[in-house]
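Subject: Model handover and notes

Hi,

My notes follow below it.

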Amino acid sequence: MADVSRARGDITGHPDVSEMRERYARMMDARDVVFLDGPVLLAGLYFAISPWVVHFSGTSPNLMVNNLILGITIALLGLGLTTAPRRMYSLCWAMSAIGVWMIISPWVVARGADAGMIANNVVVGAITCLFGLIAAGMVMRKGRETT
């Protein structure tokens, strides 16, 4: 039977402790804005279903399609930030641009948008743009630290 009486949290005696710490540091280096991927995913999912939540799917089908496509795109960016953060941070400027488009799309896509449509798109677009700028700032800061 195995001896389980030893403390499980102490790895200082492990022969590969330095390699394990270095690998963990590299992994955590790529996850410097771990708080960003979940909210980006949720913002994208909300934006995709927002025409049905705010009840403008029937009155403005063009804006409904616009919100659905952009919401799915933002949600996929959030998933990408979760699975491959180092690669996906390079798309943070695109997330900011999509956020700006979300803000102006009620006036461009939907002729005669009502207050609910405008408020929905402006709030979620501003949040998305802010998330993109935060990720861009982290990428720029990380780039300065490595040079």
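Where is the place of Ser 96? Ser 96 sits in helix α5, residues 92-108. Helices here are DSSP runs of H or I with at least four residues, strands are E runs of at least two, and both are numbered from the N terminus.

Some ground rules. This is a predicted model, so local features need pLDDT of at least 70 and side-chain atom pairs count only at pLDDT 80 or more, while totals for chains, interfaces and linings use all residues. Residues are numbered from 1 along each chain as its sequence is written, and side-chain values use heavy atoms, with hydrogens and water left out.

**Overall**

The protein has six helices and zero strands. Along the sequence the pattern reads α-α-α-α-α-α. Of its 147 residues, 35% are buried. Buried means under 20% relative accessible area, exposed means over 50%, and partly exposed lies in between (1.4 Å probe, protein chains only). The accessible surface is about 9,100 Å², and carbon and sulfur atoms account for 67% of that. Areas come from the Shrake-Rupley method with a 1.4 Å probe; for residues, only the protein chains shown count as cover.

Take contacts between residues at least 6 apart in sequence: 67% of them join residues at least 24 apart. Contact means heavy atoms within 4.5 Å.

**Record annotation**

An unreviewed UniProt entry places "transmembrane region" at residues 33-53, 65-84, 91-110 and 122-140. Positions are in the numbering used here, feature names are shortened, and annotations may be inferred rather than shown by experiment. In the model, residues 65-84 are 95% helix and 0% strand, with end C-alpha atoms 28 Å apart. Residues 91-110 are 85% helix and 0% strand, and their end C-alpha atoms lie 27 Å apart.

**Buried sites**

Back to Ser 96. It counts as buried because its relative accessibility is 6%. Leaving out residues up to four places away in sequence, Ser 96 touches Cys 129, Gly 132 and Leu 133.

Asp 37 belongs to helix α2, residues 34-53. Its relative accessible area is 9%, so Asp 37 is buried. The Asp 37 side chain makes a polar contact with the side chain of Thr 82, at 3.3 Å. A polar contact is a pair of N or O atoms within 3.5 Å; within protein, one must be able to donate a hydrogen and the other to accept it, and residues adjacent in sequence count only if both atoms are side-chain atoms.

Met 64 lies in helix α3, residues 61-83. At 18% relative accessibility, Met 64 is also classed as buried. Beyond its neighbours within four places in sequence, Met 64 contacts Pro 51, Trp 52, Phe 56 and Ser 57. Met 64 and Trp 52 are twelve residues apart along the chain, and their C-alpha atoms are separated by 8.4 Å.

**Exposed sites**

His 55 is in the loop between α2 and α3. His 55 is exposed, at 66% relative accessibility. Its phi is positive, about 65°, although His 55 is not a glycine. Most residues other than glycine have a negative phi.

Leu 76 lies in helix α3. Leu 76 counts as exposed because its relative accessibility is 52%. Leu 76 is one of the residues in a nonpolar surface patch with about 630 Å² of accessible area together. The largest share of that patch, four residues, comes from α3.

Best wishes

Notes
Patches are made of residues with over 30% relative accessible area and no salt bridge: like charges are joined within 9 Å, nonpolar side chains (Val, Leu, Ile, Met, Phe, Trp, Tyr) within 5 Å. A salt bridge is a side-chain nitrogen of Lys or Arg within 4 Å of a carboxyl oxygen of Asp or Glu.
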